[in-house]
Amino acid sequence: MSIRILLVEDNAPDVRLTIEALRETKRIDETVVVPDGVAALNTLRGAEGKEPFTPDLILLDLNMPRMDGREFLAALRSDPSLRHLPVTVLTTSQAEQDVLACYRLGANTYVTKSADLDRFFEVIGQVTNFWFSTAHIPTAEATPGHA
Amino acid sequence: MSPDRSLPSLLLKIPASLAALAGAAALWLWHGHTAAAGLHASGWLPTPVGAVGLIVAGLAVWAVRPGAATVSRGVGGILALLLVGIAVLRTIPTFGPDTIFRGAERWPRMSVGTASALFAFALAVAGSIFADGRGRRLVVLGLAATVLPALFALLGHLYGVRPDSFISGLVTGMPASTSILLLLLVIGMLGTDAMEETRGFLGAPTPGGRLMRRLVPAIVVVMVGAGWIRLLGQRIGWYGTEFGVTILVSTCLVILISMVVMIARSIDQSDARDRSQAAMLRLANVVTRSQDGTVLSWNVGSERLYGWRAEEAVGRNVHELLHPDYPLPLAEITARLAQEGHWAGEVIHHARDGSPRFVASHWVLHQEDPRDAPIVLEMNTDVTARRGAEARFAAVVEAAPSGMVMVDDRGVITLANREAERIFAYARGELLGRRIEELVPRRVRERHPGYREQYTEAAAARSMGAGRDLYGLRQDGSEIPVEIGLNPVTWGGERSTLATVVDITQRKRAEDELRRSNEELERFAYVASHDLQEPLRTVTSYMQLFVRRYGGGIDGDGREFIEFAVQGAQRMQRLIEDLLSFSRVGTRGGAMVPVDLDGVVDLSLADLAAAVREADAEIVRMPLPAVLADPGQIQQVITNLVGNALKFRGAERPRIIIDAVRDDARWAIRIADNGIGIQPEYADRIFIIFQRLHTREEYPGTGVGLALCRKIVERHGGRIGVVSEPGRGSTFTFTLAPAPEAVP
């Protein structure tokens with residue numbers, strides 16, 4: 001079973017850092033990166049003749065241009081073919097109102113990016129460990145409506 | 001109509017009715033009473049014609065009583081004519097009223113004295129019908145001519161003159177009763193309207209009136225009495241004619257001269273009083289002038305005030321001389337003077353040198369004699385000095401930089417200065433007389449009279465609308481932010497309120513700008529917290545990633561360089577965080593609420609638990625009071641101060657004492673340690689942002705902590721300071737307001 005992740009993040013250094021952290025976990029087979037919510041939805045639904053991409057986990061930043069993380073969450077949870085996808089919010093914001101808003105919109109986990117590299121790598125390791133070994137998640141093949 | 005009971009009316013009616021009744025009684029006696037002739041002969045009963053004359057005279061006097069109708073006065077005239085007829089007919093020897101009556105041969109004829117007296121009296125009655133000067137003179141003349149024969153007869157009877165000659169027959173021909181009744185009628189005639197002025201003279205408080213009232217009765221009593229006594233002595237035979245005359249004259253001289261001396265002295269005294277009053281009046285400023293303005297007299301006071309000498313002023317026109325500014329048009333003043341007889345008002349005169357003189361002027365229209373034109377008496381009191389003080393006071397109020405509005409207890413504006421009119425955009429003088437509610441915005445106008453009443457009940461100097469933003473309504477409908485101070489003013493027994501109004505448009509604008517700039521600063525701070533930290537995090541993260549990936553290939557120097565870079569970025573991050581919390585003290589502060597300080601210290605110590613454990617510190621806590629504060633911020637202060645005490649500990653085991661003492665109206669909270677202490681000269685510097693006393697290597701920190709503490713304490717209206725001895729320890733003290741007394 002190959003494990004695929006959709007990383008929604010506009011900041012290139014953060015993208016790279018997250019990919020490095022994911023690589024160190026040695027669990028992930030494919031990581032697709034998109035810079036904002038619109039691109040993320042297009043990727044999930046399959047636009048411009050491309051096949052829809054169905055990840056096992058979505059890592060979502062909150063502050064992005066065009067469509068931010070909150071708007072993306074709302075759109076995702078209102079789409080019947082996509083609403084089952086697990087979402088982990090990965091952000092620098094520690095604001096209470098952001099945490100609450102995200103869980104209200106259907107986020108599955110809320111994790112803050114640590115300024116300390118070791119701690120950041122540790123958190124990414126814990127997240128992937130939880131989702132891909134502890135928790136049960138729907139398989140791509142079992143997803144209803146999926147080709 | 002009720003009968004006229006005034007003094008002149010009674011003075012007239014009593015003799016008039018007495019005369020008429022006595023005449024009627026005499027006629028009744030003559031009609032078939034034989035005693036009548038005897039009574040007449042003894043000089044007591046009037047003749048029948050004389051009796052008729054008395055009746056007619058009495059009725060005539062009654063007819064011309066004061067306030068009688070014109071018809072009644074006409075009847076009086078007819079009766080006077082009848083009386084003249086009766087008197088004149090007596091002069092015809094063979095034909096007279098006497099002969100008309102039955103049995104006339106038995107009746108004696110009316111005496112010549114009675115006839116002449118009745119004739120004169122008839123003239124007086126006729127004169128009294130005409131109320132002009134000639135009528136009055138006729139009355140006086142007629143009455144004098146009546147009195148003379150009546151007095152002759154009365155004294156003749158009193159002194160027992162025998163009718164032994166023609167002259168003496170004339171004197172005694174009038175019976176005593178007739179003479180008395182005629183004299184009474186003469187007195188009665190004083191009650192007529194024509195004699196009003198004479199009555200006034202008789203009762204006047206003037207020296208002449210006094211002289212007459214004292215001398216006339218005295219002369220009558222002395223002369224009549226002395227004459228009678230002289231005759232009595234002569235008849236008894238005590239002395240002869242020469243001695244009798246001597247006694248009479250000497251007695252009269254002594255008594256009358258002493259009376260004249262006494263009266264003259266009293267007149268002199270009252271004259272002296274008048275003269276001293278006149279002297280006082282001279283000091284006042286009195287001008288008499290004709291109605292058209294020609295100066296008739298000009299006293300010393302006027303000379304002093306205006307600089308014109310009397311001889312220069314008299315004869316000139318007062319309006320040209322003094323160039324007066326009247327408060328009303330002169331024509332109106334003149335009309336009022338003519339109507340009411342006097343006028344008073346404030347006038348500006350100009351002295352000889354042109355300088356203005358403010359005078360309180362009182363004019364009286366005065367008429368010495370009805371034949372002269374009335375003159376105007378002007379009394380002018382110089383009030384220039386008072387007006388000068390008033391003018392200065394008014395100028396101060398006018399020039400005051402604050403608006404001033406005086407309002408009486410009914411809410412009517414009684415004074416408003418220029419600034420008040422500018423604030424409310426009214427023209428000069430337009431605010432006077434308006435209701436204060438006209439200056440109150442419509443949304444609070446209905447409630448305003450209630451506020452005013454509350455204020456009047458407990459009037460004290462205070463500012464209006466505590467804690468609320470006040471606005472004034474301008475005449476153009478716009479509103480203006482104002483600050484209003486209220487002062488109770490009692491003026492002549494009336495309670496008023498003086499409102500001082502300050503236009504705070506500028507201050508309001510500055511406050512708005514400050515608020516806007518604070519909001520901008522806060523937005524900036526938010527942006528900084530995210531957008532500044534992001535690149536720092538990237539720098540730190542990639543430095544660390546570099547070491548993680550390639551650490552094996554880097555030597556010691558390289559590793560140290562990278563460590564410095566990471567430390568720099570991390571310190572930058574802490575600085576940003578501290579600056580953010582510093583800038584948020586003012587903008588993100590919470591409300592001031594009663595706070596239990598013990599609870600706050602619990603939270604702070606929980607935050608610091610790891611540091612306390614690590615330093616093996618002993619914390620001594622005294623019970624702390626409740627204060628009025630923003631709990632989150634006070635927790636920051638306590639955490640910072642206790643944290644510093646732990647950080648700057650000395651060689652021995654740290655011991656931190658937290659207590660509070662009452663310092664006047666506030667609580668002083670003290671945090672004392674036994675740490676390294678501070679040199680006294682640095683005691684102030686440590687509260688300034690980014691000021692540090694130690695290297696980062698000795699004691700890490702950004703230099704923001706104590707500045708933050710001071711900012712928070714000052715936001716609470718308190719003070720913070722430190723007392724320290726290097727090497728022995730420091731005591732930080734900050735003050736806070738106590739919590740309001742809890743209501744049980």
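**Entry 1: where the chains meet**

I began at the interface, where chain A and chain B bury about 1,300 Å² between them, 45% of it from carbon and sulfur atoms. Buried area here is the accessible area (1.4 Å probe) that two parts lose on being put together, summed over both. I then looked up which residues of chain A lose the most area to chain B: they are Leu17(A), Ala115(A) and Leu117(A), together 36% of what that side buries.

A note to myself on the source: this is a predicted model, where local features need pLDDT of at least 70 and side-chain atom pairs count only at pLDDT 80 or more, while totals for chains, interfaces and linings use all residues. Residues are numbered from 1 along each chain as its sequence is written, chains are lettered from A and ligands numbered from 1 in the order in which they are written, and side-chain values use heavy atoms, with hydrogens and water left out.

**Entry 2: who touches whom**

I looked up the contacts (heavy atoms within 4.5 Å) and found 16 residues of chain A against eleven residues of chain B. How many salt bridges are there between chain A and chain B? The count is four, a salt bridge being a side-chain nitrogen of Lys or Arg within 4 Å of a carboxyl oxygen of Asp or Glu. One salt bridge pairs Asp14(A) with Arg537(B), and their closest N and O atoms are 2.9 Å apart.

On the side of chain A that touches chain B, the elements giving two or more residues are helix H1 (12–25) and helix H5 (117–134) of chain A. The largest share, seven residues, comes from H1(A).

**Entry 3: chain A by itself**

Chain A has five helices and five strands, and along the sequence they follow the pattern β-α-β-α-β-α-β-α-β-α. These are DSSP runs numbered from the N terminus: helices (H or I) have at least four residues and strands (E) at least two. Of the 147 residues in chain A, 49% are buried, meaning under 20% relative accessible area (1.4 Å probe, protein chains only).

**Entry 4: over to chain B**

Chain B holds 26 helices and 18 strands, and 37% of its 744 residues are buried. I picked Glu378(B), which lies in strand S5 (residues 375–382) of chain B. Why does Glu378(B) count as buried? Glu378(B) counts as buried because its relative accessibility is 2%. Its side chain joins that of Arg289(B) in a polar contact of 2.6 Å. Not counting residues up to four places away in sequence, Glu378(B) touches several residues, including Asn285(B), Val318(B), His349(B) and Trp363(B).

**Entry 5: a proline in a loop**

Where is Pro327(B) found? I found Pro327(B) in the loop between helix H15 (318–322) and helix H16 (330–340) of chain B. Leaving out residues up to four places away in sequence, Pro327(B) touches Trp343(B), Glu346(B) and Val347(B). From Pro327(B) to Gly345(B) there are 18 residues in sequence and 7.2 Å in space, C-alpha to C-alpha.

How values were computed: Buried < 20%, exposed > 50% of the residue type's maximum accessible area, 1.4 Å probe, protein only. Polar contact = N/O pair within 3.5 Å; in protein donor to acceptor, adjacent residues only side chain to side chain.
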